[in-house]
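Here are my notes on the model you sent over. I hope they are handy as you look through it.

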Amino acid sequence: MTIMNKGLATRLGAVVVCFFVLAAAQDKTAGSWIDPGWLRGFIGQQVGGLDKLKVPATNTEIPVPSGYRYETTEAKRYLGKLLFHDPVRTARIDINTGQPKDLPEGTSFGGTYSATDPLIQKIFPETSKATGSEAQDVVAATIQTGSCGACHIGEAAGKAGQQINFNVGGEGRGYTDENGNFFPRRRPQSILAKLRTEPIFPGDVLVDALPTLTDIWVDHGKDVITTPAYFYHYPNPPGTLNTAAAAADPNLQLLATGRLDQLDSVARMSPSMVGFAFNNRLLLGGFAGNPQSTPGSLNPFSDPAQENLTLLLLDAHRMLNFQSTALRMIPAFVKLFRDAFPQEAAMDTGDLTTLVSDDTELRATATFLRTVVTRNTPFDRFVAGDDRALTPAQRRGARLFFTKATDGGAGCFSCHSGPMLNKQHNDPDVTGVGAFVEENFFNVGIGDHPIQALNALARGHLDPANLGKDGFPYHAEDNGRQEITHDPSDAFRFRVLTMRQLKDGRNFTHNGSFTKVRDVVEYFNAGVPQDPTAGAAPTLSARFTNPRGPGYPRGLGLSERQVDDLTDFLENALYDPALVHYDPNSSTDTFQPNERDLTYSKYHPELIALGAKDGFMLSGEAIDDNDPLTQRDEGIAPPIDVTSEASIALVDRDIQGGQQRDVYQITNISTSIIDTNLLMIAQSLPSGVLLIGRHTGVTSNGDPYLRIFLTNGVLLPGQSTVQTLNFKVPQGAAPVSYNLDLRSGQGNP
């Protein structure tokens, strides 16, 4: 054994400590390992204190305006959550009077069916031939089939989960693959009338008339294609509401509105609901929350952004003035309104019109949405002091996020600070709704959403000779914040959104053109505008094109590894699974109704006594959507028989070792889509024969089946799939014969 001199050991120990201190210091600036304590201090220094990043621990600590109208209570939040996801409210279908003016006599669906005006006929030539019975068929197929949750689902971070979002007039919610991964899938119903003969945007199935927030007015003989706010600023100066005068003026006529056409779709990506409480303007152009004096505003009650938004959405999504009647007929809902609104309950005369109204509904929904936050991401745990919460790569990504671009970082925090990472870092109210307004809107060169083609068509702006990158006529209709302020200096500027829960976001930016977080990071790293019109506008932000300052190349200049690290931080360090998957031990609540919300017999037995049924919304309808495809998606309705829609060909059979292997080619020979799971049911099997393998089951009649997870959730007309049935048979038995039945759906047959 060698005994080291004690003094020498002490000196060597000091050298080693010094070496690691120096190494750590180098890592803080250029290395791959970052000390958690140092990083935490650095982030706090950059944002003015770590408290500015901390999410309120309870719902009652989330910022709200003062007063009874806006207070947060659990009763109000619970009611709002159930309202948000219940399709019973979308009852304003094919109502053409007083919207806010009467639409042309003899028309249906917001002036888009059986239209006689030459302008409308030009835009929707096919529906001028539609009959009243056809309109009624569409009404029956679409009324009360969507909800707020149709375009804002928990599995997609409170967004639609697909580029084009459909509420009423759509069908389906989504499907799972064989590994349990969920894929949002909602599309237009096949019953909808065709309006055009040629598609004008990717995914156009010719049935959408106008974007939901588009009205076509005739003002003193001039066609105006604009938003629903136009009526409320006519003919008075901004801020002066005189709806009676506007309604009576024959010089102002409403020709058509996307708020009432047969398909409810919005011409922007549906924004995430995460962090709803921490904004003073909502929607991507900031439509909600403006004072009524703003030229493009619609805020008659001077509410903050949250209640203003839920009011706007009642009008936009087929609920205003009609939902209350439907809700008053459901005793369990009436009970929850009494619990949530004691003052209105005391004032109600017995007809429920004071208690259950558009006003109480929008306030309950706003209360629920204020509580949609994530509290338990790895980053939240790191900020709270957990050194192990972030991986080394995520710590490197966090350093880039919180380092100015001029100092070699990505500079994300300059626009994404505060608890929800959605505000300017120097906002005086960064932990609340925010004091800054226009500072949160930027032009980063993004082009139109595909649905904006409908606005371009209405305005006569589509040129078949001028094609965009998607192969369809190019358009640049969406001018962002300018639509609200009418200020050219706001052209193409859009609202900064939260960075939380991006992992489930699926589509990003207001046009939904990016499908991966890494693609967005690479876009900002390059600093090159996507769209020629937005990119050529004087409002294009230098924080996007030249974030490192004058004299530097465009973009951030990050390396591939740095892009990887930043993407890892954004996707994984800012993700809270409890927003999607119910965790009774988490302080983050699911966005979707969960076990605690819908197991009324256990958690709300008083609602069972009033007719509530476990697992369903209080109306008895499916969650979010209530069309037949959604009912099959959610397993509420049994799979449907599609045997007659397919050809079934046995292409191979092999019998050996006590097993029979039958290979089939199944082809969709119909004109309809065969959806989601295809169930192959072997009927009349002889005794002693078993269907074996993964994803097999037994029907309620005792017949075995194989569940097939179709590629992309569909078998389109003309498409084929090859599938194998494996049977365990007695040794030496003759080939087994049976009848094959096909079913479509995600439930059990």
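The points below go from the whole chain to a helix, a sheet and a single arginine.

1. First, the ground rules. This is a predicted model, where local features need pLDDT of at least 70 and side-chain atom pairs count only at pLDDT 80 or more, while totals for chains, interfaces and linings use all residues. Residues are numbered from 1 along each chain as its sequence is written, and side-chain values use heavy atoms, with hydrogens and water left out.

2. Overall dimensions. For 749 residues, a compact globule would have a radius of gyration near 27 Å, and the protein's 29 Å agrees with that (taken over C-alpha atoms; the rule is 2.2 Å times the number of residues to the power 0.38). The C-alpha trace spans about 95 × 90 × 65 Å along its principal axes.

3. Of the 749 residues, 57% count as buried (under 20% relative accessible area, with a 1.4 Å probe and protein chains only). Taking contacts (heavy atoms within 4.5 Å) between residues at least 6 apart in sequence, 69% join residues at least 24 apart.

4. Secondary structure. The protein has 23 helices and 18 strands; these are DSSP runs, with helices being H or I of at least four residues and strands E of at least two, numbered from the N terminus.

5. Helix α19. The 14 residues of α19 (560–573) should span 20 Å at 1.5 Å a residue, and the end C-alpha atoms are 19 Å apart, which agrees (the expected span is 1.5 Å times one less than the number of residues). Its buried residues include Val-563, Leu-566, Phe-569 and Leu-570, and also Asp-565 and Asp-568. The buried residues pack against α12 (378–383), α13 (392–401) and α16 (517–526).

6. The five-stranded sheet. It is open and antiparallel, in the order β10-β18-β13-β16-β15. β10 (640–641) and β15 (696–698) stand at the edges with a single partner strand each, so one side of each has no neighbour in the sheet. β10 pairs with β18 (739–744) over two bridges (pairing requires at least two DSSP bridges), and Asp-641 has Arg-743 as its bridge partner in β18.

7. Arg-493. Where does Arg-493 sit? It lies in the loop between α15 (482–485) and β9 (494–495). Arg-493 is buried, at 12% relative accessible area. A polar atom of its side chain lies 2.8 Å from the backbone oxygen of Phe-441. Beyond four places in sequence, the contacts of Arg-493 include Glu-438, Phe-442, Asn-479 and Thr-539.

Methods:
Buried < 20%, exposed > 50% of the residue type's maximum accessible area, 1.4 Å probe, protein only. Polar contact = N/O pair within 3.5 Å; in protein donor to acceptor, adjacent residues only side chain to side chain.
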